[in-house]
Amino acid sequence: IKYSPCIKLTPTTQVLVIPIQPTYHNLLFPEVGSQLELFVNSTIGNGLTLAYLCHAKVKLIHPGDIIVFYRSHDLREATTLGIVESSFITKDPEVIIRNVAKRTVFSMAEIGNMACEKAVRVILFRLALHFPARVSHQILESEGATKGNIQTIRKINHNAFKKIADIAG
């Protein structure tokens, strides 16, 4: 943990596929894009410790769980791997802001709006790596990782993850 995220697949480790819209993907992971923009108005993507906020109904996410980020809508590819540091659910925007600080793509106003709608799932994670070879939606389906469109956080089994990791390099 001191020098880099530890990826450890144990029987209790969950592997989660998390969809992320292209706009937010570009802000959170700017180096994944086909061409880096010269002037990016955000420094979020420069960090190794990041935050993902959503309204997903997944119950428990534990430190050490593996996250596979899936860029939805346009590319429809798994691009990035992260490791969960911590996760919690709250409706208090001040608690969210205090915990995510400069780790998220959302402004304070957007966080407040999210929290007004319903409880927010906050996932604090460490960026582990960007896949050398992105994994398409078709491959995710053929390897048994997913079925249909990925619109919310999904758990996948360890065998499917290992196959995806091999394909991704």
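The lining of the largest pocket in this predicted model splits into 15 nonpolar, nine polar and one charged residue (Ala, Val, Leu, Ile, Met, Phe, Trp, Tyr, Cys and Pro count as nonpolar, Asp, Glu, Lys and Arg as charged, and the others, Gly among them, as polar). A pocket here is an open set of points on a 1 Å grid over the protein atoms alone where a 1.4 Å probe fits, with protein on both sides within 12 Å along at least five of seven lines, and lining residues have an atom within 4 Å of a point. This one holds about 560 Å³ of space, a volume being what is filled by probe spheres set on the points, which are joined across faces, edges and corners. Of its 25 lining residues, Pro-19, Ile-20, Gln-21, Tyr-52 and Gln-151 sit closest to the centre. Strand E1 (15-20), helix H1 (22-28) and strand E2 (49-54) each give two or more residues to the lining, with E2 giving the most, at four.

Turning to helix packing, the axes of H2 (residues 93-100) and H3 (residues 108-117) come within 9 Å and cross at roughly 135 degrees. On the H2 side, the contact (heavy atoms within 4.5 Å) is made by Pro-93, Ile-96, Ile-97 and Val-100, and on the H3 side by Met-108, Ile-111, Gly-112 and Ala-115. By class, that comes to seven nonpolar, one polar and no charged residues.

Residues are numbered from 1 along each chain as its sequence is written. Local features need pLDDT of at least 70 and side-chain atom pairs count only at pLDDT 80 or more, while totals for chains, interfaces and linings use all residues, and side-chain values use heavy atoms, with hydrogens and water left out.

Note on methods. Axes are lines fitted to C-alpha atoms, for helices over the stretch in contact, and angles run from 0 to 180 degrees between N-to-C directions.
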